[in-house]
Amino acid sequence: GRPVLAGIHLLAAHGEVLALIGPNGAGKSSLLGAVIGRVPHAGTIRLGGVYTQHLDARQRARRLAYVPQRSALRASLSVAAVVAAGRFARQGWLARISAADRAAVDTALVRTDCAGLAERAFDQLSFGEQQRVLLARALATDAPLLLLDEPAAGLDPAHALALLALVRSLADEGRAVVIVLHQLDQVARCADRVALLHGGRLLACGSPDEVLAAGPLRTAYGVEPVPGGALGLRLAAPP
């Protein structure tokens, strides 16, 4: 019942990773929720130049894929079935899965290291495994825009690094990727641009070097980089 964000103006470009960062409660997930149509908002949002209010659910799903922080799926579906559900906007729920659909699903499973989980029940997986499956479902859509809300949360170090490499490769292949991250070293590793939200507004937007600098980090988080070049952080001294 109260405004969470105001005055936000952002562009996600093809071939680019845009990282959304900010303290807890800054509005990162709410911003993604507005784009996918789950959070009421004023102003305008366009996908591929088309205003979202002119798109039905299927049209929107062809343009973007979303990976939430945590899945609400409770049905005991196989991993393969969950990932195949990402193809509904391409062919429809009642249509038989085509060879192209199957190829997209298989590719998504391989790229997210989920091929070995294909026959497992989704609700029996660990949190980190579920996150990888949700990412596979998003990849299977072949949507040009990916919205990822803390996809590395719950992943072990190897899978977190693999995910960041995959995000980078997806952008290099021409997709637009918007990713919410809390670990700033992960941001520096994969992002082309960084948008820092603070107090419901866009505090800074630019390259990682520009945004992950002492001034913006001190204002938003109360921390500052440790001298020496590496992205270590320490609590900022009181002003």
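Colleague: Which residues does Val194 touch, leaving aside those up to four places away in sequence?

Modeller: In this predicted model, Val194 touches Leu18, Ala19, Ile21, Val187, Ala204, Cys205, Gly206, Ser207, Pro208 and Val211, not counting residues up to four places away in sequence. Val194 itself belongs to strand S7, residues 193-198.

Colleague: Is Val194 buried or exposed?

Modeller: A residue is called buried when its relative accessible area is under 20%. Val194 has a relative accessible area of 0%, so it is buried.

Colleague: How far is Val194 from Ala171, in sequence and in space?

Modeller: The two residues are 23 positions apart in sequence, and their C-alpha atoms are 15 Å apart in space.

Colleague: Let us turn to the chain as a whole. How many helices and strands does the protein chain have?

Modeller: The chain has ten helices and ten strands. Its radius of gyration is 18 Å, close to the 18 Å that the globule rule gives for 239 residues, so the chain is as compact as a globular protein of that length. The C-alpha trace spans about 65 × 40 × 35 Å along its principal axes. Buried residues make up 45% of the 239 residues. Of the contacts with a separation of 6 or more, 65% are between residues 24 or more positions apart.

Colleague: How may the length of a helix be checked, and what does helix H7 show?

Modeller: The expected span is 1.5 Å times one less than the number of residues. Helix H7 has 16 residues, 157-172, and should therefore span 22 Å; its end C-alpha atoms are 23 Å apart, which agrees.

Colleague: What is found at the start of H7, and what follows the helix?

Modeller: At the start, a side-chain oxygen of Asp156 comes to within 3.1 Å of the backbone nitrogen of Ala158. After the helix comes Gly174, which has a positive phi, near 115 degrees.

Colleague: Which residues of H7 are buried, and what covers them?

Modeller: The buried residues are Ala160, Leu163, Leu164, Leu166, Val167, Arg168, Leu170 and Ala171. Their cover includes strands S1 (16-21), S5 (145-149) and S6 (176-180), together with helices H5 (99-111), H6 (127-140) and H8 (184-190).

Colleague: Arg168 carries a charged side chain. With which side chain does Arg168 meet in a salt bridge?

Modeller: Arg168 meets Asp172 in a salt bridge of 3.1 Å, N to O. Both residues lie in H7, four residues apart, which is about one turn of the helix. Asp172 is exposed, with a relative accessible area of 57%.

Colleague: How many salt bridges are counted?

Modeller: The count comes to nine salt bridges. One of them joins the side chains of Asp101 and Arg87, at 2.9 Å, N to O. Asp101 lies in helix H5 and Arg87 in the loop between helix H3 (79-84) and helix H4 (88-91), so the pair ties together parts that are 14 residues apart in sequence. Asp101 is buried, with a relative accessible area of 3%, and Arg87 is buried at 9%.

Colleague: What does the salt bridge of Asp142 and Arg175 tie together?

Modeller: Their side chains meet at 4.0 Å, N to O. Asp142 lies in the loop between H6 and S5 and Arg175 in the loop between H7 and S6, so this pair ties together parts that are 33 residues apart in sequence. Asp142 counts as partly exposed, at 41% relative accessibility, whereas Arg175 is buried, at 13%.

Colleague: What is to be noted about the phi of Asp142?

Modeller: Most residues other than glycine have a negative phi. Asp142, although it is not a glycine, has a positive phi of about 60 degrees. Glu150 likewise has a positive phi, of about 50 degrees, and is not a glycine. Glu150 lies in the loop between S5 and H7, and it is buried, with a relative accessible area of 18%.

Colleague: Where does Asp149 lie, and which polar contacts does its side chain make?

Modeller: Asp149 lies in strand S5. This residue is buried yet has no salt bridge; the nearest side chain of opposite charge is that of Lys28, 7.3 Å away. A salt bridge requires a distance within 4 Å. The side chain of Asp149 does make polar contacts with the side chains of Ser29, at 2.7 Å, and Gln69, at 3.4 Å. Among the residues that Asp149 touches are also Leu32, Tyr66 and Val180.

Terms used
Residues are numbered from 1 along each chain as its sequence is written. This is a predicted model: local features need pLDDT of at least 70, side-chain atom pairs count only at pLDDT 80 or more; totals for chains, interfaces and linings use all residues. Side-chain values use heavy atoms; hydrogens and water are left out. Helices (H or I, at least four residues) and strands (E, at least two) are DSSP runs, numbered from the N terminus. Buried means under 20% relative accessible area, exposed over 50%, partly exposed in between (1.4 Å probe, protein chains only). Contact means heavy atoms within 4.5 Å. A polar contact is a pair of N or O atoms within 3.5 Å; within protein, one must be able to donate a hydrogen and the other to accept it, and residues adjacent in sequence count only if both atoms are side-chain atoms. The radius of gyration is taken over C-alpha atoms; the globule rule is 2.2 Å times the number of residues to the power 0.38.
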